[in-house]
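Have the structure open as you read.

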Amino acid sequence: MEINGKTKLMGLIGNPVEHTMSPVIHNTIAAHMNENMAYLPFPVKDNLNTAVKGAYALGVQGMNVTVPYKSEVMECLTEADELAKSIGAVNTLVRVEGGYRGYNTDMTGLYRAMQSYGIKIEKEKIVILGAGGAARAVAFLCAYYGAEKVYILNRSVEKAQAVSEEVNKAMGRECLVPMALEDYELLPEEKMLCIQATSVGLSPKEHEVVIEDDSFYRRIHTGYDLIYRPSNTRFMQLVKEQGGNAYHGLKMLLYQGVEAFEFWNQVKVSEELADKVYEVMKGEMHIEE
Ligand code: NDP
């Protein structure tokens with residue numbers, strides 16, 4: 001890639017950012033689409049507001065935001081998209097007059113990843129494991145896209161209750177049902193989609209899972225694990241053992257990047273190119289499927 005006087009700069013703000021896959025995603029798409037842009041990680045240890053204002057002053061066209069700033073960055077924006085506002089977290093900044101507009105492409109990316117696998121949300125009964133930052137956003141996404149019922153199970157039940165209250169209030173319907181993790185036997189006895197949104201099972205503790213019992217997995221027709229390291233989690237194995245389909249979270253990461261790229265450059269990334277980028281990502285991670 002040739003960097004010249006017209007190269008647009010995009011970047012990632014977070015801490016740490018050293019192991020991010022985002023430069024691979026964006027620089028690969030840019031090269032294939034002949035977009036004159038470069039994407040760099042920026043470790044921001046503190047002074048988030050100064051970093052965002054400084055990026056604007058320097059003409060940075062777009063940014064991603066990662067841990068620990070996805071909520072805090074909302075105070076540094078001129079405007080935010082409706083879904084991002086209800087979730088209360090932003091991972092993509094798009095330059096507008098006077099500052100940046102915030103989006104949550106983690107969630108629209110998850111939606112697109114699920115669509116690419118043929119997984120439906122509308123009118124579905126869904127189980128979410130976890131009630132942390134990612135699970136909360138997934139709960140909003142499911143309610144927003146018309147899930148019939150969402151059972152949200154968490155070790156600390158009060159967090160599941162808080163998320164349910166918030167989502168039900170925002171959506172104006174009783175869509176979410178909070179439950180303690182150990183009460184999974186009280187779930188309806190029918191096949192459902194399950195989204196694994198806890199941090200249990202992350203490498204190097206890849207043999208761990210929040211529920212071991214086969215009777216739980218018999219209720220799951222499809223399991224989507226937000227974790228992608230490892231690429232075959234214990235949760236995925238248990239879903240497959242009971243005859244369900246199971247997917248890891250790498251496509252979610254791919255599509256959150258694709259959607260950010262599309263916002264910044266006002267282009268549409270073809271599915272063919274998204275597939276190519278996915279192959280590059282799998283290569284970087286030494287994943288085969
Ligand atoms: P948080 O720290 O906010 O939440 C962690 C969740 O895991 C909580 O629900 C917590 O329960 C639960 N948990 C942790 N340890 C245990 C345990 N021993 N037993 C039972 N439950 C446990 O994390 P995030 O929500 O930010 O992230 C969750 C996962 O999603 C991570 O693995 C992350 O890698 C993944 N992720 C993937 C993305 C992608 O692009 N694919 C994007 C974003 C996240 P409790 O409340 O009781 O502590």
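## Contacts to the ligand

Start with Gly133: one of its backbone N or O atoms sits 3.0 Å from an oxygen atom of the ligand. That makes it a polar contact, meaning a pair of N or O atoms within 3.5 Å; within protein, one must be able to donate a hydrogen and the other to accept it, and residues adjacent in sequence count only if both atoms are side-chain atoms. Lys159 uses its side chain instead, with a polar atom 2.8 Å from a ligand oxygen. Ser199 comes in through a polar backbone atom, 3.3 Å from an oxygen of the ligand. On its own the ligand has 940 Å² of accessible area, and the protein covers 71% of that (Shrake-Rupley method, 1.4 Å probe; for residues, only the protein chains shown count as cover).

A word on the source: this is a predicted model, where local features need pLDDT of at least 70, side-chain atom pairs count only at pLDDT 80 or more, and totals for chains, interfaces and linings use all residues. Residues are numbered from 1 along each chain as its sequence is written, and side-chain values use heavy atoms, with hydrogens and water left out.

## The shell around it

How many residues surround the ligand? There are 21, and the closest are Ala134, Asn154, Arg155, Ser156 and Lys159 (a residue is near if one of its heavy atoms lies within 4 Å). They split into 11 nonpolar, eight polar and two charged; Ala, Val, Leu, Ile, Met, Phe, Trp, Tyr, Cys and Pro count as nonpolar, Asp, Glu, Lys and Arg as charged, and the others, Gly among them, as polar.

Helices here are DSSP runs (H or I, at least four residues), numbered from the N terminus.

## Helix 5

Buried residues in helix 5 include Ala135, Val138, Phe140 and Leu141, where buried means under 20% relative accessible area (1.4 Å probe, protein chains only). Just past this helix, Gly146 takes a positive phi of about 85°.

In helix 10, the buried set includes Leu273, Tyr278 and Lys282. Helix 1 (22-33) and helix 9 are among what covers the buried residues of helix 10.

Asp106 sits in helix 4 (residues 105-116). Why does Asp106 count as buried? Because its relative accessibility is 14%. Its side chain makes a polar contact of 3.3 Å with that of Asn91. Leaving out residues up to four places away in sequence, Asp106 touches Lys70, Asn91, Met252 and Gln256 (contact means heavy atoms within 4.5 Å).

Methods: Buried < 20%, exposed > 50% of the residue type's maximum accessible area, 1.4 Å probe, protein only. Helix = DSSP H or I, 4+ residues; strand = E, 2+ residues; numbered from the N terminus.
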